[in-house]
Amino acid sequence: IDGTHPKSEGHNILAQVIHDAITGPDDNTAPSAPTGLSPTAPSTTSVNLTWDEPSGNPSGYEIYRDGACVKVVTSDPRPFSDSKLNPGIYSYSIRAFDRALNTSPKSASVTIDTRGTIPDPEPPTIPTGLSGSTERNAVSLTWNPSTDNVSVVGYQIRRETTLIGTTGETAWIDAGLQLGQTYSYSVRAYDPSGNYSEYCAPVQVEVPILDLPDGWQAADVGYVGIHGSSSFSSGAYSIQYSGSDIFNAADSFGYTYTPLSGDGSITARVVSMENTNEWAKCGVMIRETLEPGSTHASMVLTPMKKVSFQRRTGTNAASPSGVSTTFGSYPYWVRMVRDGETLTGFHSSDGTSWTKLSSVNLTMNANVWIGLAHCSHDNTRLNTAIIDNVSISGGGANQAPTLQGIGNQTVRAGETIRITIQASDPDSGPEPLQYSASAE
């Protein structure tokens, strides 16, 4: 595995590795994966490799050619020369290790052709069998592999007329799409000499609008890196959002919500959530508006099994760290109650026995939004969570607005008539009333 034994210098490398492992500090943190791996071929029989030094104080590297370790070095060898090769096409990757023999993940692989100036004008065949399927706001593409007289290095994926990615696989996921939109995709292949096939015939994929219960809506609140989505099926909400946090003076998260007028509560069981970050959050919220700096109170869970009471007591005010405690395992229950100006958070392991975590006095409008809050704490990634047993109590029945009557008026043809109307609705949502008019 050292790539040199039993040559004369092999025992030196082995001795150095053993020495470093014995004398090195106790350490179980591996270096990061090397990046920037770049090959050059000064001749048909050798390849020079260089890369960026990873973090973690590496003491050596393993050099891989076509998946097999061909050399181990215990010092910085950049540039590293792999010699005595036959002219051909080779794939390289490397990984680092430290004195405690912790090994990093392998770097991304790179391919180089050492056949010199041997011409290769033949492009790969056009990919076939392109198809797409949807899951929430993402499209999964698959296709059949192309063939080439030398080899197929990879594929380029195009949405409409824009290149959106390159891959060495025959699959691609395009995430963060808008619901209700139709997208056109096509793919082409390329070889080591830079020959490209034609793009295959495009396929049309529609990202459907996902159903929510009557009266419920879903939206991104604040700036998010990837648009999220919510769906409801068989009594469970499947929610997928990015967002940086529900914190500080402006929130960045996904909200699945419905109006609440007056006092009320929301109860939910968080079945599962992804660990995109230890401070990703998912739970229940009562919120005055859909603006990033709105006042709110929330009961949220994190992947690190913390349950936290979050609040913002003034519009655009700083939101302090929540009152938190730990819980045992998912699924886990949370509840938020509004009683006058007091908002209280509860949690439970079984949905029967409830424990109060904290409360806050918070002045908000009578009409607010109540629902499910979710953020990945990593604005470049979507976090998926499943929530069921969602119930809302209180708020009263939503009543129709009251419109003042309009008296009869007479107008001649060609003249303009002006009518002033006024309506009120004590239990509408925070949004303004909408008016429409018709002529009979």
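The legends below describe views of a predicted protein model.

In this predicted model, local features need pLDDT of at least 70, side-chain atom pairs count only at pLDDT 80 or more, and totals for chains, interfaces and linings use all residues. Residues are numbered from 1 along each chain as its sequence is written, and side-chain values use heavy atoms, with hydrogens and water left out.

**View 1. The overall fold and dimensions of the protein.** One helix and 30 strands are present; these are DSSP runs numbered from the N terminus, with helices (H or I) of at least four residues and strands (E) of at least two. Along the principal axes, the C-alpha atoms fill a box of roughly 105 × 65 × 35 Å.

**View 2. Burial within the protein.** Of the 440 residues, 41% are buried, a term for a relative accessible area under 20%, whereas exposed means over 50% and partly exposed lies in between (1.4 Å probe, protein chains only).

**View 3. Phe232 and its surroundings.** Phe232 belongs to strand β16, which spans residues 229–233. With a relative accessible area of 31%, Phe232 is partly exposed. Apart from neighbours within four places in sequence, Phe232 is in contact with Asp211, Leu212, Pro213 and Tyr237, where contact means heavy atoms within 4.5 Å.

**View 4. Phe232 and Pro34.** These two residues, Phe232 and Pro34, stand 198 residues apart in sequence. From C-alpha to C-alpha, Phe232 and Pro34 are 42 Å apart in space.
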